[in-house]
Amino acid sequence: MLNNYFSSEDVAQFRVWMEWADNYVIMAHKSPDGDAVGSSLALCLFLQSKGKNVKVVFPDCPPDFLMWMSGASEIMTYDSNPDGISDMIYKADVLCCLDFNSPGRVEGMAAPLLYSRAKKIMIDHHPNPSGFCDVILSHPDSSSTSELVFHLLCALGEWGNVTRQIAECICTGMITDTGGFAYNSNSSQFFYIISQLIDKNVDKDALFRKVFNNYSEYRLRLTGFVLTEKMRIYEGCRTALITLSQSEQERYHCQSGDTEGFANMPLQISGVLFSVFMREFGNGKIRVSLRSTQGVPCDRFSGDYFHGGGHRSASGGEFIGTLDECVRELERGLEEWRKSDEDCIIQLFR
Ligand code: 5GP
Ligand code: MN
């Protein structure tokens, strides 16, 4: 029933490390999402059940709506204690890099990650991994890194020892990275795995409520505001844009997870194939989130214009400058795309 995602050598290597290694640091990318948090906590809880000393470290805090997960209260963030976290990374026996595949995605932790003499394993589903780990479990076909953690636990022969709490973390990552089973989940194997998680007494319906119906009143009012006032449709290129300035975020008491899903919303409009969301931060930085459908390569757009990357249909990046300049960069990119002769791009301009 399960694809054999990993080579037996890779799994055997991790098993050998588990025989001698006591100190593990698990890290994931900046602005950790449900998959980054779910996969990290699942692996953490599993290794702790084997008596290991495990720390979960992220560049910055996950949004509040993910903090109900088992083990979430022990998460540490680099931005609040850079020296202490660097020290942990240098002293670890094994570093587990989850849901990212290039060191830049962990920002300030990149240097200790690269220079640490720990053994390193990557578990990730983004395309084109860079080779900074000893063991690379990279599968772009997988819905999520959390799904890959499921495969790893099975390959280690440990599924019988997996608890409901671990299964919940895996299920949360599989829910969030597929937009609630809406995309990247078109296989019987995906739902076989979900069925295995439910057999561990995961309440899938309750997880949906915790993930999608757990926002503040402000967030819902902010959603209304951006859709009414801030969404712009570029008719000639099937593209939508939402921008959000810092002062607008302040007006709606915007917290870190409150814009989750904004980039996806315009894709609900029939005919819109490409959606961009720009959020202004302090220090002149704009975070850009890109989403697409029907194979529009938004990871390429992100790489070419916003120093970013990600998946073909969901990517991110950033821009240094004002929101207006960032919008002009998007428009410049679209004008260049207009000259393309690739089917996946010209469909935007038909
Ligand atoms: P989001 O828009 O939710 O921040 O990110 C969407 C996807 O793009 C995620 O899979 C994330 O890992 C990836 N991503 C976001 N920002 C960046 C970035 O700056 N660089 C790269 N390479 N990927 C990113
Ligand atoms: Mn992911």
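**Around the ligand**

Reply: Sorted by class, the shell around ligand 1 holds 1 nonpolar, 9 polar and 3 charged residues. Here Ala, Val, Leu, Ile, Met, Phe, Trp, Tyr, Cys and Pro are nonpolar, Asp, Glu, Lys and Arg are charged, and the others, Gly among them, are polar. This is a predicted model, where local features need pLDDT of at least 70, side-chain atom pairs count only at pLDDT 80 or more, and totals for chains, interfaces and linings use all residues. Residues are numbered from 1 along each chain as its sequence is written, chains are lettered from A and ligands numbered from 1 in written order, and side-chain values use heavy atoms, leaving out hydrogens and water.

Me: Which residues come nearest to ligand 1?

Reply: A residue is near a molecule if one of its heavy atoms lies within 4 Å of it. Of the 13 residues around ligand 1, the nearest are R105, H126, R287, S289 and R291.

Me: What polar side-chain atom lies 2.8 Å from a nitrogen atom of ligand 1?

Reply: Look for polar contacts, pairs of N or O atoms within 3.5 Å. That one belongs to R287. The side chains of H126 and R291 each place an N or O atom 2.9 Å from an oxygen atom of ligand 1.

Me: Which strand gives the most to the shell?

Reply: Strands are DSSP runs (E, at least two residues), numbered from the N terminus. Strand 12 leads with 4 residues; strand 10 (285–292), strand 11 (309–310) and strand 12 (314–320) each supply at least two.

Definitions and conventions:
A polar contact is a pair of N or O atoms within 3.5 Å; within protein, one must be able to donate a hydrogen and the other to accept it, and residues adjacent in sequence count only if both atoms are side-chain atoms.
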